[in-house]
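Colleague: I am new to this one. Please take me through the labels and what stands behind them.

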Amino acid sequence: MYHTLGADNETFDAWTVVRRSDFVAQISLLRRDYDIVSLDEATAHVRDAAPPGRPKAVITFDDGHTGLHRYLFPMLEELQLPVTIYVATGHIASGRPYWFDRVMNALQVSRPAKLHLADHGLPGFTIEAGSGEERWQALRGLLEALKRLEPGRREAAADAVVAQLASCRRTDFEPLEPLTKEQLLALAQSRWVTLGAHTDCHSLLDQIPPDVAQASMERSAHLLREWTGRAVHHFAYPNGNHNRELMARAQAAGFATALTTEKGLWRRTDSQFAVARIPVGRYDDLTRFKFNLLAGQWRH
């Protein structure tokens, strides 16, 4: 499970942005032991209990960022690489990044800064300058605190973070931004791309009423069909948040599968509406990438 790709020479402290060359190396390594197939092929393989053969892998991307058009799209044909892109339609329709991306862009600072978020029910945070995995781990505390807020308060708190860090935000990086409709259409026209729904709101679905969650699932699929003319059979839960009610809602919405962020391999005994994945991020070198593949096999 990926989110987006970025330039090799760019300093951007976000686990979600994988360097292009790292992604290519990971795909090359994966192909030594796995056949990379489309999600439709993998679904049929699991459903029909096909003979084992070589293990299969599916490459997925969540959200729908511009990095997919800039860095992934040009290499799909060359690598003959099937991918599934789960698109959260709300930020594409509005052109406004979701709260997480706005905050991640703001956290790329040129000097240390202090955040004062007491008005939003959060403690203060010190944001250090620099880059690297250690800094990212420190930033996760803020991001997890924001996730625990109810949606309206989270948006306001995210806007406060952006405003307070505006004076020290770096400008030497490509910010996280949503695909345009034109970029999405170009990706959708590739024979290597499967589109999946990722809600319209990109809310944490276990924090909102189930009827609202299902409506957002369905709207995402509807807009993707309207914008691209492509069928949409698959869904991924934002942030992986799901429960039995949401699994039932995904099925009721007409999806064939629903994917989580739970680390593990997809086994035939798993529900089609709680499919595990192996998350991959910016700080995963090839050693850690291989270890995560092995660790996924040990999931019970």
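Colleague: What makes Thr 199 count as buried?

Modeller: First, this is a predicted model, where local features need pLDDT of at least 70, side-chain atom pairs count only at pLDDT 80 or more, and totals for chains, interfaces and linings use all residues. Residues are numbered from 1 along each chain as its sequence is written, and side-chain values use heavy atoms, with hydrogens and water left out. Now the term: buried means under 20% relative accessible area, exposed over 50%, and partly exposed in between (1.4 Å probe, protein chains only). Thr 199 has 0% relative accessibility, so it counts as buried.

Colleague: Where does Thr 199 sit?

Modeller: In the loop between strand E9 (193-197) and H9. Helices (H or I, at least four residues) and strands (E, at least two) are DSSP runs, numbered from the N terminus. Thr 199 also has a positive phi, near 75°, and is not a glycine. His 202 lies in the loop between E9 and H9. Its phi is positive too, about 55°.

Colleague: Why is His 202 called buried?

Modeller: His 202 has 19% relative accessibility, so it counts as buried.

Colleague: How do you know that Gly 124 is exposed?

Modeller: Its relative accessible area is 57%, so Gly 124 is exposed. Gly 124 lies in the loop between strand E7 (113-115) and strand E8 (125-127). Its C-alpha atom is separated by 7.1 Å from that of Lys 114, 10 residues apart along the chain.

Colleague: Why is the pair of Tyr 2 and Phe 61 called stacked?

Modeller: Rings of Phe, Tyr and Trp (its six-membered ring) pair if their centres lie within 6.5 Å; planes under 30 degrees apart count as stacked, over 60 as edge-to-face and the rest as tilted. The centres of Tyr 2 and Phe 61 are 5.4 Å apart and the planes lie at 25°, so this pair is stacked. The pair links distant parts of the chain: Tyr 2 is in the segment before strand E1 (4-6), Phe 61 is in strand E5 (residues 59-63), and they are 59 residues apart. Both Tyr 2 and Phe 61 are buried. With Phe 23, they form one aromatic cluster.

Colleague: What makes the pair of Phe 12 and Phe 173 edge-to-face?

Modeller: The planes of Phe 12 and Phe 173 are at 85°, with 5.1 Å centre to centre. Phe 12 has a relative accessible area of 1%, so it is buried. Phe 173, at 8%, counts as buried as well.

Colleague: Which residues have the most contacts inside the largest nonpolar core?

Modeller: Phe 23, Ile 59, Phe 61, Leu 72 and Ile 85, in a core of 53 residues. A nonpolar core is a set of buried Ala, Val, Leu, Ile, Met, Phe, Trp, Tyr and Cys residues joined through side-chain atoms within 4.5 Å. Helix H9 (residues 210-228) gives the most to this core, with six residues. Apart from it lies another core, of 32 residues, Trp 136 among them.

Colleague: Why is H1 called roughly parallel to H3?

Modeller: Helix H1 (residues 20-33) and helix H3 (residues 66-79) pack at about 30°, with axes 11 Å apart. Axes are lines fitted to C-alpha atoms, for helices over the stretch in contact (heavy atoms within 4.5 Å), and angles run from 0 to 180 degrees between N-to-C directions. Angles under 35 degrees count as roughly parallel, over 145 as roughly antiparallel, 65 to 115 as roughly perpendicular and the rest as oblique. So H1 is roughly parallel to H3.
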